[in-house]
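Please open the model in a viewer and keep the selection tool at hand.

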Amino acid sequence: MIFTEFRFFPFFLAAFLVHWTLRKDPHRKLWLLACSYLFYAAWDWRFLSLILGSTILDWFAGQRIHASENPKARKKWLTLSLCGNLGILGIFKYFGFFASSAEVFLAFLGFSPGWTTLNIVLPVGISFYTFQTMSYSLDIYAKKLAPTKSFIDLALFVGFFPQLVAGPIVRAAEFLPQLATTRIWKRVDVRGALVLFLVGFIKKACISDNIASVIDRYFSAPASYDVLSAWVGVTFASVQVYCDFSGYSDMAIACAALLGYQLRENFHFPFFARNITGLWRGWHMSLSSWLRDYLYIPLGGSRNNSENDGIGFAVSLAAFFTFVCWVFVREDSEMTSGIAILLCLVFIMVAYLIGVRGQRATNRNLMLTMLLGGLWHGAAWGYVIWGGLHGLGLILHKEWKSRKPKWGWLNLTLNGLGPFLTFWFWALAYLFFRAAGEGENSLEVSRHALDGFLFFHSEGTQSIGPPLLIGLVPLLGLIHLIAYKGWTRQFWRRVPAWAFAAGLGLVTAGILPFVQPNSQPFIYFQF
Amino acid sequence: MTQPLRGAGLALLFLLGLGAGSLILHAIAAPGGGRISGVKAAWYQDNASLYDTVAIGTSRTYRSFIPGIFDREMARHGIPTQSFNLGVPGATWLEIQFLARKVLEDGGPNLKRMLIEYRAFYPTIVEKNLFKGRTVYWHDWPATSLALTGIRDHAHLATHPCHDSFVHFQHFLCWTLKIGQAYEVGDGLLGLRKGKSAKAGKVHGWVPLEQDDPNLAARRQLFLDHMDEFREDIRHMVEDEVYSREDVEAWNDLEIARSIIREAGKAGVEVIFIQMPGQGRDKPLEMRISEDLGKPVLLYNAPEKYPRFYEEEFRWDVGHLSREGSEIFTGILAKDVAAALEKEKSK
């Protein structure tokens, strides 16, 4: 069940009405928990046991970690929680990837392992709720949080349906206190929630779903299309994922708000950022902050740099990226050798930057965090390359900030061009991410799309659609700018309630013709 | 005012706003239905006064009913006509019923008769057609309620009655709220289809397969490559009481036909049903259907009676006649329609 499907509306209406009709908190929470499990069961009831299992594991682990003063015992229970959650994730998400990658590598060495590849179905939302349950155990271990006394509260924190299948990733420290207090209807910002839901709905059902067919056509056979189509396909893919994912987050936050719960913002106009660091401050904020707090900082973050740090990591990363370039530009590729040399030079620069004295630890931590962030999305090299490119971008920006010449004209130009360059870089990296979704053909798809988008070269002659299609991007950008500046907010906040209700109905009627009734699944449901 | 009452009132205002917006869109939007049915319906809507006879059906009607020949032959039999071909590829029984109602609405006093291709009712909407404009456009309430009633009345035959009913209801919601109908709204505002509908009008709705999309030639070749299977089908059609090649759910639903008859009766329009020369027989049904409906039903899916319609020379593919076959068919049809009309007049 997704937020843009018909059946979601009667489901949510029932959940909402019963929730606010019930007077007692325990009844309300039980009702929401039942709704949440029903919501998940609509996907696949078989995997309810995984959510329940993960909840039970962290319930006991949390209690034991808190109860024990012995550091070894605390660590043991934390390890159990992390291994359990990561184990579930590992089996369902990564087993096939590592098994087949190992098989390829062993075949390269001349061995044929001949093991059976399991055809494992990926439970929806597993990457999201396992990270949530891990954050519960980790916060208790770090003594930032006391374990909840109510199993229902923990189960609802893990399984709360608005954010269950695709985030925002909620922290226990933020959500459990809300569950422990009574929700009051008068405090619900109904207007804000309804407008947010409508905005998310437009992004998903009107924009993302309508351009999906153009993008799917391009990425199914990029070699057949011309250079302009490459730009349309790659650019629209970034627009699609933003509208799809941020649209989902908007609707999730709105649904939670209507039930009296606040979820953290997940996207804050990332494409208006002037640089890649700024973009990551506004993109999938719940995941990036999770990775920062539970991975980057524990690895050392930007501290503990030493002039004597080894360059082993930098060298191995440079070797890895050079290998990736070689895969892309080997003999049977249509790319020229000049391009191959260019890519190799780029990655030699990677090694230098990552190996910069006095920053090696920071750069290593940044790159590791982004690579794992890429791997979080799934079991494909395209996601790893995406993460690696963003790690490279972040490192480059960090080094640029500390070394940039103080030329006013340069800074002014870069400030002005910043959002466009940042979007271009995002689209370039996302090309690999999107191509990863083409399965066995992902390498070929990546090559041809890169050829067209980065090197303005394509043997294909077909066009993905009318050239005017690319004109949609600035139009969407303008609408997005209006939202960014909040130019309409004063209006809809101030009109009388009756006018708001009727106006909302009229606006809804106006957007429905643009809605694709055959709902496309949310992109991030596959993660 | 208490909070729940206030909330209910605001929700009602929202629904009123939604309803008002949908009414405006209905007023603006052009007839839906895609590049053939929508275009033809738009032409007919603007030029109904030119025609007194409309043939409505599937691609079998679209390709085989030749208005020029029909009118000429009808005149020869003493009943001058001016006919229009509103055959639409892949039209379901409910879509035909919807088109018949539209024709009756737009026809005016000139409309004298409708020739309706009789079909079985398929309760399930094929997956590739789900929520397409072509499927949504005919899901107004009369058609949707006929679908729901048909599934309910034949629940013992249906595999997924609840699911199929819900899908039809969802399509009705799409029709009501114009969900996914941006093209039709745009067409209504900008007249995107005007030029195209004039093309349909020039040929009075008929386009032979031989002159249409060259890709259709592949179907002809497929037919020629499987002639033995086709001949086997014909043998079954002659020998068996009931024969059908399809493995999808379908059943005879008289109520849909009766609803067409009722609506036509109110407008004083004659209705004649036609079973086109396809593959499939239900001889017990054929024997009683005219009596059941109280209207003429002309049956051409009878290889023993019309062998030429099933010969390679006069057939384009498994489902359709060639141009020569269509010319013969239209001539015979005109003769039979003239006879049926005389018989009805004398009642």
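A charge is taken to sit over a ring if NZ of Lys or CZ of Arg is within 6 Å of the ring centre and within 35 degrees of the ring normal. The model on display is a predicted one.

Select Arg64(A) together with Trp77(A): the charged end of Arg64(A) is placed over the ring of Trp77(A), 5.9 Å from the ring centre. Then move to chain B and select Arg308(B) and Phe314(B). Here Arg308(B) lies over the face of Phe314(B), 5.8 Å from the centre of the ring.

Next, turn to contacts between rings. Over all chains, the count comes to 69 aromatic pairs. One of them joins Tyr300(B) and Tyr306(B), a tilted pair with 5.1 Å centre to centre and 50° between the planes. Both tyrosines, Tyr300(B) and Tyr306(B), are buried.

Now display the cavities; the structure holds 2 of 30 Å³ or more. To find it, select its lining residues, among them Ala55(B), Phe65(B), Glu117(B), Met276(B) and Leu333(B). The elements that contribute two or more residues to this lining are β1 (53–57), β3 (113–117) and α15 (323–346) of chain B. By class, the lining of the largest cavity comprises 8 nonpolar, 1 polar and 1 charged residues.

Finally, select Ala41(B), Tyr44(B), Leu86(B), Leu99(B), Lys102(B), Val103(B) and Asp106(B), which line the second largest cavity. Its volume is about 30 Å³. The largest share of this lining, 4 residues, is supplied by α5(B). The lining of the second largest cavity has 5 nonpolar, no polar and 2 charged residues.

Technical notes
Residues are numbered from 1 along each chain as its sequence is written. Chains are lettered from A and ligands numbered from 1 in the order in which they are written. This is a predicted model: local features need pLDDT of at least 70, side-chain atom pairs count only at pLDDT 80 or more; totals for chains, interfaces and linings use all residues. Side-chain values use heavy atoms; hydrogens and water are left out. Rings of Phe, Tyr and Trp (its six-membered ring) pair if their centres lie within 6.5 Å; planes under 30 degrees apart count as stacked, over 60 as edge-to-face and the rest as tilted. Buried means under 20% relative accessible area, exposed over 50%, partly exposed in between (1.4 Å probe, protein chains only). On a 1 Å grid over the protein atoms alone, a cavity is a set of points where a 1.4 Å probe fits but cannot get out, and a pocket is an open set with protein on both sides within 12 Å along at least five of seven lines; lining residues have an atom within 4 Å of a point. Grid points are joined across faces, edges and corners, and a volume is the space filled by probe spheres set on the points. Ala, Val, Leu, Ile, Met, Phe, Trp, Tyr, Cys and Pro count as nonpolar, Asp, Glu, Lys and Arg as charged, and the others, Gly among them, as polar.
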